[in-house]
Amino acid sequence: FNVFEGFIDFLSAKRLGYNDGIGSLVVNERETDALLCNDLQKFYALYRDLGKDSILLVALVYNIGTDTVNKLSVYKMLKSSNRNIFKAYTFRCHY
């Protein structure tokens with residue numbers, strides 16, 4: 001029995017794991033890192049016009065998807081140059 005240690009590649013909707021034997025695409029750590037970097041670059045490209053604030057949206061997109069982020073007040077606030085987003089941003093953080 002191998003514990004699942006992977007993630008979902010949201011852009012291609014594939015479940016990735018390290019030798020979990022449950023029918024997922026089995027990749028090594030280097031390949032998984034490359035897929036993660038590729039996804040993050042695509043997400044960053046969507047929001048790069050927001051400058052240094054784009055990384056906040058990339059973190060959200062990676063967790064909840066682009067469709068949801070584009071509807072958030074955080075995104076709308078940043079687009080209108082309002083950086084007072086603490087309450088709106090932490091509302092989405094469930095930790």
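## Close-up views of a predicted model

**View 1. The two sides of helix α1.** On one side of α1, Arg30 and Gln41 are exposed. This is a predicted model. Four residues of α1, namely Thr32, Asp39, Phe43 and Tyr47, are buried. Viewed down the helix axis, the buried residues of α1 fall within an arc of 80°, so they line one face of the helix. Arg30 and Gln41 sit on the other side.

**View 2. The length of helix α1.** This helix has 19 residues. From its first C-alpha to its last, α1 reaches 27 Å. That is close to the 27 Å expected at 1.5 Å a residue.

**View 3. The largest nonpolar core.** This core has 17 residues. Tyr47, Leu57, Val69 and Val74 have the most contacts inside it. Helices α1 (29-47), α2 (54-64), α4 (73-79) and α5 (86-90) each supply at least two core residues. The largest share, five residues, comes from α2.

**View 4. The contacts of Val69.** Which residues does Val69 touch, leaving out those up to four places away in sequence? They are Tyr47, Leu57, Leu60, Val61, Ile64 and Tyr75. Two of these partners, Tyr47 and Leu57, are also among the core residues with the most contacts.

**View 5. Ser81 in its loop.** Ser81 lies in the loop between α4 and α5. What is its phi? Phi of Ser81 is near 65°, a positive value in a residue other than glycine. Most residues other than glycine have a negative phi. Is Ser81 buried or exposed? Ser81 counts as exposed because its relative accessibility is 64%, and exposed means over 50%.

Technical notes: Residues are numbered from 1 along each chain as its sequence is written. This is a predicted model: local features need pLDDT of at least 70, side-chain atom pairs count only at pLDDT 80 or more; totals for chains, interfaces and linings use all residues. Side-chain values use heavy atoms; hydrogens and water are left out. A nonpolar core is a set of buried Ala, Val, Leu, Ile, Met, Phe, Trp, Tyr and Cys residues joined through side-chain atoms within 4.5 Å. Buried means under 20% relative accessible area, exposed over 50%, partly exposed in between (1.4 Å probe, protein chains only). Contact means heavy atoms within 4.5 Å. The expected span of a helix is 1.5 Å times one less than its number of residues. The arc is that of the directions from the helix axis to the C-beta atoms.
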